[in-house]
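Morning, everyone. I have one structure to walk through today. Please have the sequence and the model open.

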Amino acid sequence: MYLYGASGHAKVIIDILNASDVKVDALFDDDMSITELMSIPVKHQWKGESPVIISIGNNLTRKQIVEKLHCVYGTAIHPSAVVSPCATIGEGTVVMQGTIIQSSAHIGKHCIVNTGASVDHECVVEDYVHISPKATLCGNVTVGEGAWIGAAAVVAPGVRIGKWSIVGAGSVVVRDVPDGVVAYGNPCRVKSVHASCCTKRIAIYGAGGLGREVAGGIQRINRAGMGNWELVGFYDDAKPIGFKVSHLGEVLGGMDELNTMDEPLALAIAVGTPTSRKMIHDRITNPMISFPNLISPSFKVLDPSTFKIGEGNIIQDNCSVTCDVEIGDYNVLNGSNVMGHDVKVGDFNVMMPGVRLSGEVVIGNGNLLGVDSVVLQRVKVGDSITLGAGSVLMTKPKDGFTYIGVPAKKFDFE
Ligand SMILES: CC(C)(COP(=O)(O)OP(=O)(O)OC[C@H]1O[C@@H](n2cnc3c(N)ncnc32)[C@H](O)[C@@H]1OP(=O)(O)O)[C@@H](O)C(=O)NCCC(=O)NCCS
């Protein structure tokens, strides 16, 4: 037998195979510094040797390696495990010491049933699942592909755990858990959306012009192979359900519908005023909703290793930043924006097309910078200013006021 992954998890599998009189000939690992594990040689290039067990605890990594290797897989079942003759166990799966797998249970491929776990009658455990030590699945439980059931969690009869979800250690799960979430506690409740390979549905809040631009941007990200989003539609409190926003979708509801939705959904807030963006964000309380960055494939970063960005930002076409730039959360860069070295941008700012920020500029929160406006080097902008189109800001403005002109002066609306 060959093991792929020279980790602590591999050590347990070696013990299991030793107890079953199966010899481990070698392990494989990308880390060139590991040359042996428990006196077994570790090689760094797999040349078709088989059978193999992927000895890596991370479910997604196991799946990615399986998709690459195409070989014959073995299983490792410790002699102390009690496995019903009416249960089935897929290739690549490891069943550890002291587990009990009851009648008519089905365990998929490349799963881990960890020390002392119990899988009762007629459970269906799909591929790449990890049932952690002492976890208990009562009868007729279904665990979706890639899910991870934490140590000592208890899953009540008939419950379904969604694909790639995580159930925290010690949880008591009495209701179904949807796909792609982190859930824990007693009773177990969904706490957040898990960044997994299945959270690809996306909606846009805001059925106006910016909403249509963002919808087009999402298609472009998909076409460039930089995402795999399924745009399900738009949310907007000012438009009726079913309102056709464009050929790309219609209005599915407003804030109430968003907050009561029970499937994971990524959301882009496509509203162009900073205060409304924040207000909308603060009203979203549904833990199923996540806020990805939507970044045009044309975005250029001179030194990516020094670039930092938060979540929920929308970066449209032809924007560029140089080095040591930091962008916070929920900003809109509306196209052709340029940022020099050491620029720091806070949260909920909206920059219209053509905004240029010189080196070491600091932008606080909730500012609106007009079309083609410029902020000169080292100027520190606080919060909630409006900078008029074509203006050049040369000195620190006062929070909450409007500045226009070249050089930009405080504008009095009286
Ligand atoms: C559920 C889990 C994935 C969450 O991890 P996380 O997102 O990094 O969460 P954090 O550690 O940041 O904790 C966030 C909050 O949730 C609470 N929390 C985390 N896991 C919890 C759990 N299993 N049950 C109850 N509360 C939990 C923390 O106490 C913390 O609360 P606070 O904000 O009031 O301080 C993780 O805690 C867990 O249970 N993992 C399973 C571990 C396991 O079984 N390993 C077996 C290996 S063989």
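Predicted model: local features only at pLDDT ≥ 70, side-chain atom pairs only at ≥ 80, totals over all residues.

One term before I start.

Overall layout. The protein has 49 strands and five helices. Its C-alpha atoms fill a box of roughly 85 × 50 × 35 Å along the principal axes. The chain splits into four parts: domain 1 covers 2–69, domain 2 covers 79–193, domain 3 covers 200–290 and domain 4 covers 294–411. Between the C-alpha centres of domain 1 and domain 3 there are 44 Å. Of the 414 residues, 43% are buried. Now contacts. Take those between residues at least 6 apart in sequence: 25% of them join residues at least 24 apart.

Next, the sheets. As a reminder, strands of a sheet pair through backbone hydrogen bonds, parallel or antiparallel. Look at the open sheet with the order 8-11-14-17-20: five strands, paired in parallel. Which strands are at its edges? Strand 8 (88–89) and strand 20 (160–161), and each of these pairs on one side only. Strand 8 is joined to strand 11 (residues 106–107) by two bridges, and the two run parallel. Within that pair, Thr-88 has His-106 of strand 11 as its bridge partner.

Now move along the chain. Another open sheet has five strands in the order 33-36-39-42-45, again with parallel pairing. Its edges are strand 33 (308–309) and strand 45 (380–381); each has a single partner strand, so one side of each has no neighbour in the sheet. Inside this sheet, strand 36 (residues 326–327) pairs with strand 39 (residues 344–345) in the parallel sense, over two bridges. There, Ile-327 is bridged to Val-345 in strand 39.

One more pair. Strand 21 (residues 166–167) and strand 23 run parallel and are joined by two bridges. Val-167 stands opposite Ala-183 of strand 23. Which face of strand 23 (residues 181–184) is covered? The one with Val-181 and Ala-183. Val-182 and Tyr-184 make up the uncovered face.

On to the core. The largest nonpolar core holds 116 residues. Five of them touch the most other members: Ile-13, Val-113, Val-119, Ile-131 and Ile-149. Helix 1 (residues 8–19) gives this core its largest share, six residues. Take Val-113 as an example. Leaving out residues up to four places away in sequence, Val-113 touches Val-95, Met-96, Thr-99, Ile-101, Ile-107, Val-119 and Ile-131. Val-119 and Ile-131 are also on the list of residues that touch the most other core members.

Then the ligand. How many residues surround the ligand? The count is 13. The closest are Ser-132, Gly-150, Ala-151, Gly-168 and Ala-169. What is the make-up of this shell by class? Seven polar residues, six nonpolar, and no charged ones.

Last topic: backbone geometry. Most residues other than glycine have a negative phi, and most peptide bonds are trans. Here are some exceptions.

Two cis bonds to show you. From Ser-50 to Pro-51 the peptide bond is cis, with omega near 0°. Pro-51 belongs to the loop between strand 4 (40–43) and strand 5 (52–54). The bond joining Val-406 and Pro-407 is cis as well, with omega about -5°. Look for Pro-407 in the loop between strand 48 (402–404) and strand 49 (409–410).

Then positive phi. Asp-21 is not a glycine, yet its phi is positive, near 60°. Asp-21 comes in the loop between helix 1 and strand 2 (26–28).

Buried would take 20 or more.

That is my tour. Questions, please.

Technical notes
Residues numbered from 1 in each chain as written. Domains from an automatic or database assignment. Buried ≥ 20, exposed ≤ 12 C-beta atoms within 10 Å, placed from the backbone. Helix = DSSP H or I, 4+ residues; strand = E, 2+ residues; numbered from the N terminus. Pairing = 2+ DSSP bridges. Near = placed C-beta within 6 Å. Nonpolar A, V, L, I, M, F, W, Y, C, P; charged D, E, K, R; others polar. Core = buried A, V, L, I, M, F, W, Y, C linked by C-beta atoms within 7 Å. Contact = placed C-beta atoms within 7 Å.
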